[in-house]
Amino acid sequence: MGAWGTGSFDNDEAMDFAATICAPKDLLGPLRVESPDQGIDASLACQIIVVAECVAAMRGFPSVDTPDDLAKRIAAFGQPGRSLYLHARDRLDAVLQGSELMDLWADDDPDPFVEAVHELIGRLNHRVGDPAPSAKGKNKPFYEQDWFKAAPCGFCNQPLEEQEFASVSTKINDGLGSEIGFDAWAHLACLNRALHYRYRMRPFSMYPEDIGEGDTMFDVLDAPPTLED
């Protein structure tokens, strides 16, 4: 593929595809799946990642590495519809689950590439705007409380702050009845770095404003990608 790096735009295929994106409709091609057993070759995987970057940028969370000319075009695209958003993140997940690009990285050192894609997933997970205030005036959830944000990560011992977090619970059993337990909160990124890349967690947003109500998400993903909700 010529130039090849961990970033979304660090390869020739991505840059060539980015140069062809002039309108939101140009993002749909790489998201289409013609058959259930359709594979994802390295070139298509690079294009899917670029589409996900464009969707993240349309939601207000672009990569600092987005080419300037592409960033200017994306600025005129508006907010992505639900179909484009859900198909983009579903196909991005498929790139990590099983693609030629993931296999190529697995033959070398996959961690930097996997971390780069997870950083993109994090930006896709950010909500557009602030959540609506509770009609009943309830207290903020625990993860928005100052005491929780100040709590240390079980891996790096730094405050959780605004980063994505995970609850970690594990036990060591010596087989003779003795057991040592460990329960802690941790930055999701720290936990993922401790796991083999095949077992890293990708918790995509499940907020109703992103996925809809009931079976909406599944209905959208069962249909071809469109620019509509």
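Visitor: Which residues touch the most other members in the largest nonpolar core?

Guide: Ile21, Val50, Leu92, Leu101, Phe113 and Leu124, out of 47 residues in that core. H2 gives the most to this core, with 14 residues. The model is predicted: local features need pLDDT of at least 70, side-chain atom pairs count only at pLDDT 80 or more, and totals for chains, interfaces and linings use all residues. Numbering runs from 1 along each chain as its sequence is written, and side-chain values use heavy atoms, with hydrogens and water left out.

Visitor: What makes a set of residues a nonpolar core?

Guide: Members are buried Ala, Val, Leu, Ile, Met, Phe, Trp, Tyr and Cys residues joined through side-chain atoms within 4.5 Å. Buried means under 20% relative accessible area, with a 1.4 Å probe and protein chains only. In soluble globular proteins, nonpolar side chains tend to be buried together.

Visitor: What does Phe113 touch, not counting residues up to four places away in sequence?

Guide: Thr6, Ile49, Leu96, Leu101, Met102 and Trp105. Contact here means heavy atoms within 4.5 Å. Phe113 is among the buried residues of H6. The cover over the buried residues of H6 includes H2, H4, H5 and H8.

Visitor: What makes a space a cavity, and what makes it a pocket?

Guide: Both are sets of points on a 1 Å grid over the protein atoms alone. In a cavity a 1.4 Å probe fits but cannot get out; a pocket is an open set with protein on both sides within 12 Å along at least five of seven lines. Lining residues have an atom within 4 Å of a point. The count comes to one cavity of 30 Å³ or more. The largest cavity holds about 90 Å³, and the largest pocket about 1100 Å³. Volume is the space filled by probe spheres set on points joined across faces, edges and corners.

Visitor: Which residues lie nearest the centre of each?

Guide: For the cavity, Gly7, Ser8, Asn11, Ile49 and Phe113, out of 13 lining residues. For the pocket, His126, Glu162, Gln163, Glu164 and Phe165, out of 33. H6 supplies the largest share of the cavity lining, three residues, and of the pocket lining, seven residues.

Technical notes: Helices (H or I, at least four residues) and strands (E, at least two) are DSSP runs, numbered from the N terminus. Buried means under 20% relative accessible area, exposed over 50%, partly exposed in between (1.4 Å probe, protein chains only).
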